[in-house]
Amino acid sequence: MKMESDLHFKVEVKTQLNQFPKIVGSIPGIGSWDPIYGLILYTNEKDFPIWRSLRPIKVKSNIPIEFKIVLYENGVVKEWESFEVDNNRIIIVNEPKMVYVGIFKNLQGTIMIDNNSLDQKGKNQPKKSLINL
């Protein structure tokens, strides 16, 4: 049986008024490549230009997930990000809770893993490790 993971997104996108990003990709939680059903990201004055998913999407662990950040303007697609080398961002989740961190039009990203492991004193402390893609 495949384990499921919770996946959040946190990306930097420098938008203008009436623009917002979506995550669109290869699985249903991010639209199955249909931008209408992509995952809308949100920001506020304090965090801008960082945009986040409000809730995680459920993904099957150890299965490659391909996606792009898509910029919307006035409710319609303005721009799909594109890269010279690889066509899509690709990640594999393998922990119960993960956050993808990236920058619009920059293919490199980071996955933050929260293991919720015990520290040496036996207290429940979140343990974070980084994997650079």
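Okay, ground rules before we look around. This is a predicted model, so local features need pLDDT of at least 70 and side-chain atom pairs count only at pLDDT 80 or more, while totals for chains, interfaces and linings use all residues. Residues are numbered from 1 along each chain as its sequence is written, and side-chain values use heavy atoms, with hydrogens and water left out.

Let's start with the overall picture. The protein has zero helices and eleven strands. Helices here are DSSP runs of H or I with at least four residues, strands are runs of E with at least two, and the numbering starts at the N terminus.

Of the 133 residues, 35% count as buried. Buried means under 20% relative accessible area, exposed means over 50%, and partly exposed is in between, using a 1.4 Å probe and protein chains only. The accessible surface comes to about 8,400 Å², and 51% of that belongs to carbon and sulfur atoms. Those areas come from the Shrake-Rupley method with a 1.4 Å probe, and for residues only the protein chains shown count as cover. As for contacts, meaning heavy atoms within 4.5 Å, take the ones between residues at least 6 apart in sequence: 53% of them join residues at least 24 apart.

Now, inside. Which residues touch the most other members of the largest nonpolar core? They're Leu7, Phe9, Ile23 and Ile30, out of 23 residues in that core. E1, E5, strand E6 (64–73), E9 and E10 each supply at least two residues of this core, and the largest share, four residues, comes from E6. By nonpolar core I mean a set of buried Ala, Val, Leu, Ile, Met, Phe, Trp, Tyr and Cys residues joined through side-chain atoms within 4.5 Å.

Next, strand E9. E1 and E9 pair in the parallel sense, over seven bridges; pairing needs at least two DSSP bridges between the strands. One of the bridge partners to click on is Ile103 in E9, which goes with Glu12. E9 also has two faces: Met98, Tyr100 and Gly102 sit on the covered one, and Lys97, Val99, Val101 and Ile103 on the uncovered one.

On to charges. Side chains of opposite charge can pair when their charged atoms come close. The count here is five salt bridges, where a salt bridge is a side-chain nitrogen of Lys or Arg within 4 Å of a carboxyl oxygen of Asp or Glu. My pick of these is Asp6 with Lys58, whose closest N and O atoms are 2.7 Å apart. Asp6 lies in strand E1 and Lys58 in strand E5 (residues 57–60), so the pair ties together parts that are 52 residues apart in sequence. Asp6 is buried, at 17% relative accessibility, whereas Lys58 is exposed at 54%.

Back to Glu12: its side chain meets Lys14 in a salt bridge at 3.7 Å, N to O. Lys14 is exposed at 63%, and Glu12 is partly exposed at 24%. Then there's Asp47 with Arg52, at 3.1 Å; Asp47 is partly exposed at 25%, and so is Arg52 at 31%.

Trp33, Val77 and Trp80 make up about 240 Å² of it. Patches take residues with over 30% relative accessible area and no salt bridge, joining like charges within 9 Å and nonpolar side chains (Val, Leu, Ile, Met, Phe, Trp, Tyr) within 5 Å. Trp80 lies in strand E7 (residues 76–80) and is partly exposed at 31%.

Last stop, backbone. Most residues other than glycine have a negative phi, and most peptide bonds are trans. Asn18, though, has a positive phi of about 70 degrees. Asn18 lies in the loop between strand E1 (4–12) and strand E2 (19–25), partly exposed at 47%. Lys105 also has a positive phi of about 70 degrees; that residue is in the loop between strand E9 (97–103) and strand E10 (106–114), partly exposed at 46%.

And which way is the peptide bond from Phe48 to Pro49, cis or trans? It's cis, with omega near 15 degrees, and Pro49 is in the loop between strand E3 (39–40) and strand E4 (50–52).
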